[in-house]
Amino acid sequence: MPVEVRLFATFREGRFKEKQMEFPQASSLADLLEHLQIAETEARILLVNGTAVSAEHKLAPHDVVSIFPPMAGG
Amino acid sequence: MSGYCGKILRINLDTGEINKEDLDLELAKKFIGGRGLGTYFLSEQIDPAIEPLDRANKIIFATGPLTGSQAPTASRYMVVTKSPLSGTVASSNSGGFWGAELKHAGYDLIIVEGKSEKPCYIYINDNTVEIRDAENYWGKLVWETTDLLAAEAADPKARILTIGPAGEKMSLLACIMNDKYRAAGRSGVGAVMGSKNLKAIVVRGTGKTEPAKADQTKEILKGIRKEIQENDVTAKGLPTYGTAVLVNVINESGIYPTNNFQRSYFETADLTSGETLAEKYLVKNVACYRCPIACGRRSRLDGIETEGPEYETIWAYGANCGVDDLPAIIRANNWCNEYGLDTISTGATIACAMELYEKGIIKPDEINGPALKFGSAEAIVEWTRKMGAGEGFGAKLANGSYQLGQEYGAPELSMSVKKLEMPAYDPRGVQGHGLQYATSNRGGCHVRGYMIAPEILGIPEKLDRFSLDGKALWVKAFQDLTAVIDSLGLCLFTSFALTADDYKDMFNAIVGEDWTTEALLEAGDRIWNLERIFNLKAGVGPEEDKLPSRLLNDPIPDGPSKGHVHRLPDLLPKYYQERGWTEEGIPAEAKLAQLGIT
């Protein structure tokens with residue numbers, strides 16, 4: 001199934017900013033992170049279509065996934 | 001010694017009198033210092049109902065007991081006065097080096113009274129304190145003023161605080177700049193200096209403060225530094241990308257106000273993100289006094305090295321004005337720093353003007369400048385310059401979005417709370433943060449209780465941002481802890497790594513007390529209530545605990561937070577209850593008795 005993946009901050013280094021990717025049905029975010037070689041503990045903020053979810057979240061076709069390392073500011 | 005210098009410097013610009021008074025240390029501890037102690041003296045020494053730009057207003061520069069100490073980020077000082085923008089208590093915070101230098105000169109606070117007949121500045125070199133002529137500096141921009149005053153001081157270690165032309169002209173958006181690039185930005189505090197004909201304060205201090213418990217302090221601070229240096233946010237996220245790292249996460253969450261809060265998602269936000277800033281314009285990181293985080297950005301554009309822009313600035317001029325041109329944002333930021341304008345309120349006021357213009361309420365023939373259209377990079381730069389210079393229609397904009405909206409019969413288009421423009425988070429998608437905006441004692445402000453931390457960033461734990469459950473208590477807890485940190489003289493960014501217990505340990509070791517964490521947080525509660533009482537006496541009551549009608553009635557039209565409004569009417573009664581206030585939002589007698597204030 002097609003999924004749009006967006007990476008931010010240090011996760012872009014050696015990877016990409018934004019990419020259309022294919023994953024098997026019933027894949028989870030944990031599967032996606034493993035594929036990208038991003039440790040779950042480093043992926044502090046996981047958004048699917050703008051909603052915060054955990055790594056166990058099951059992906060659906062055409063989801064937009066945004067992955068962030070720990071960050072803050074203001 | 002105990003973290004405090006034990007001295008107040010009182011300067012009367014009416015008479016030229018300079019007095020060094022003893023600070024009652026028991027009183028100081030009750031309100032901690034900085035924001036708390038400054039608010040206490042302001043409340044005691046002025047009638048809160050006065051006109052803020054009248055000579056009867058006072059302006060207080062207040063350090064905390066940890067300012068200038070060995071504690072990490074011990075740079076912060078607070079400007080406390082009555083705000084000419086909001087009519088509330090103003091406490092505007094800044095870092096850099098000036099606050100620590102004041103402490104090293106031997107003063108906890110400066111209280112400036114009255115009004116000088118002519119432009120003047122205050123010169124402090126340890127025990128030497130003088131009121132000097134500033135005719136030659138009046139009208140000059142911040143960077144030139146800073147360089148000239150440093151040259152006159154003939155001491156490279158002298159630290160300079162100054163207003164720019166915006167403060168001189170008493171723009172209600174005027175800030176106070178120190179160390180060239182750091183700002184006590186909000187609430188129009190620069191206009192109060194301007195109203196007193198006070199251009200600048202130069203400080204040089206050669207002393208240092210000593211902690212009450214030296215060995216214990218050394219050990220505790222070692223642990224605190226380790227926590228900051230090992231925390232992913234303070235050791236990696238902030239140093240690598242600065243505060244602008246937030247652009248994408250706030251936008252991807254659909255709470256990034258766009259076109260004056262008409263939308264909350266900006267498709268091209270990444271062009272103005274911290275990642276882009278680091279890639280194209282960053283020269284190096286810069287740090288304030290004793291800061292291991294170094295979130296400051298030294299950036300270069302057009303051959304000019306500057307600092308910033310920070311996240312809130314990028315938003316105010318960027319998405320909120322529909323602009324994705326980062327160089328234009330850097331130029332607008334520079335004009336703010338040079339003229340001494342608050343970047344948040346200035347950008348947000350231009351955004352308000354753009355909506356008024358596009359709705360046909362402001363007419364093209366009355367502005368004599370670039371069309372105020374969303375997306376115009378030219379408009380954000382040139383209108384900022386005109387606002388700073390008080391030129392033409394820019395002079396009207398320079399008094400903020402609330403006055404602008406009122407004048408054009410559309411006050412609902414001012415995205416402000418208590419007349420202070422809200423920063424870079426749409427409350428419709430973060431319920432706790434919206435409650436915090438509505439109840440902040442200085443108006444629309446994100447640094448009175450940064451609920452974005454738990455609601456978006458998962459610090460210290462992740463909360464459901466759309467839920468109301470427990471939010472009133474969370475907001476109160478964040479507001480009280482923030483009041484403590486502001487009053488200690490530390491940077492709020494430490495709270496991404498530290499706990500309330502850590503602040504208690506530092507306070508006890510440096511001040512020489514044995515307080516519980518609960519007692520320290522109660523001091524935060526005391527400070528919050530003191531500010532509330534000031535506002536009530538100033539005529540700014542619970543009726544102003546509100547949000548713009550757009551946020552309560554118009555659902556976010558698109559993006560990841562589509563369909564949501566802010567549910568303030570459901571949250572406010574719970575908040576008053578958590579505060580121990582009456583149903584009407586007035587601090588109850590029993591609460592004030594518990595806190596030891598009236």
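Three salt bridges turn up between chain B and chain A in this predicted model. One of them pairs the side chains of Arg6(A) and Glu252(B), with N and O 2.9 Å apart. On the chain B side, at least two residues each come from helix H8 (232–241), H9, helix H11 (311–317) and helix H18 (452–457). H8(B) is the top contributor here, with five residues. Sorted by class, the side of chain B that touches chain A has 16 nonpolar, five polar and seven charged residues.

As for extent, the contact involves 28 residues of chain B and 20 residues of chain A. The size of an interface is often given as the accessible area lost when the parts come together. For chain B and chain A that figure is about 2,000 Å², with 57% of it on carbon and sulfur atoms.

Together they bury about 2,200 Å², and carbon and sulfur atoms account for 64% of that. On the domain 2 side, Ile255(B), Val417(B) and Lys418(B) lose the most area to domain 3 of chain B, together making up 29% of what that side buries.

Lys418(B) also has a charged partner: its side chain meets that of Asp545(B) in a salt bridge, at 3.1 Å from N to O. In total, three salt bridges are counted between domain 2 and domain 3 of chain B, along with 13 residue pairs in polar contact, both at pLDDT 80 or more.

Away from the boundaries, Trp528(B) sits in helix H21 (residues 517–537) of chain B and is buried, at 0% relative accessible area. Asp480(B) is 48 residues away along the chain, yet the two C-alpha atoms are separated by 6.8 Å. Beyond its sequence neighbours within four places, Trp528(B) has contacts that include Arg35(B), Arg448(B), Asp480(B), Tyr575(B), Arg579(B) and Trp581(B).

Over all chains, the salt bridge count comes to 51. Side chains of opposite charge can pair when their charged atoms come close. Glu26(B) and Lys29(B) form one such bridge, with the closest N and O atoms 3.5 Å apart. These two are separated by about one helical turn, because they are three residues apart in helix H1 (residues 25–30) of chain B. Glu26(B) counts as exposed, at 55% relative accessibility, while Lys29(B) is buried, at 10%. Lys208(B) and Glu210(B) pair at 3.8 Å, N to O; Lys208(B) is exposed, at 61%, and Glu210(B) partly exposed, at 36%. Glu544(B) and Lys546(B) meet at 3.9 Å, N to O. Some bridges share partners, joining Arg182(B), Arg298(B), Arg300(B), Glu305(B) and Glu307(B) into one network.

Terms used
Residues are numbered from 1 along each chain as its sequence is written. Chains are lettered from A and ligands numbered from 1 in the order in which they are written. This is a predicted model: local features need pLDDT of at least 70, side-chain atom pairs count only at pLDDT 80 or more; totals for chains, interfaces and linings use all residues. Side-chain values use heavy atoms; hydrogens and water are left out. Buried area is the accessible area (1.4 Å probe) that two parts lose on being put together, summed over both. A salt bridge is a side-chain nitrogen of Lys or Arg within 4 Å of a carboxyl oxygen of Asp or Glu. A polar contact is a pair of N or O atoms within 3.5 Å; within protein, one must be able to donate a hydrogen and the other to accept it, and residues adjacent in sequence count only if both atoms are side-chain atoms. Contact means heavy atoms within 4.5 Å. Helices (H or I, at least four residues) and strands (E, at least two) are DSSP runs, numbered from the N terminus. Ala, Val, Leu, Ile, Met, Phe, Trp, Tyr, Cys and Pro count as nonpolar, Asp, Glu, Lys and Arg as charged, and the others, Gly among them, as polar. Buried means under 20% relative accessible area, exposed over 50%, partly exposed in between (1.4 Å probe, protein chains only).
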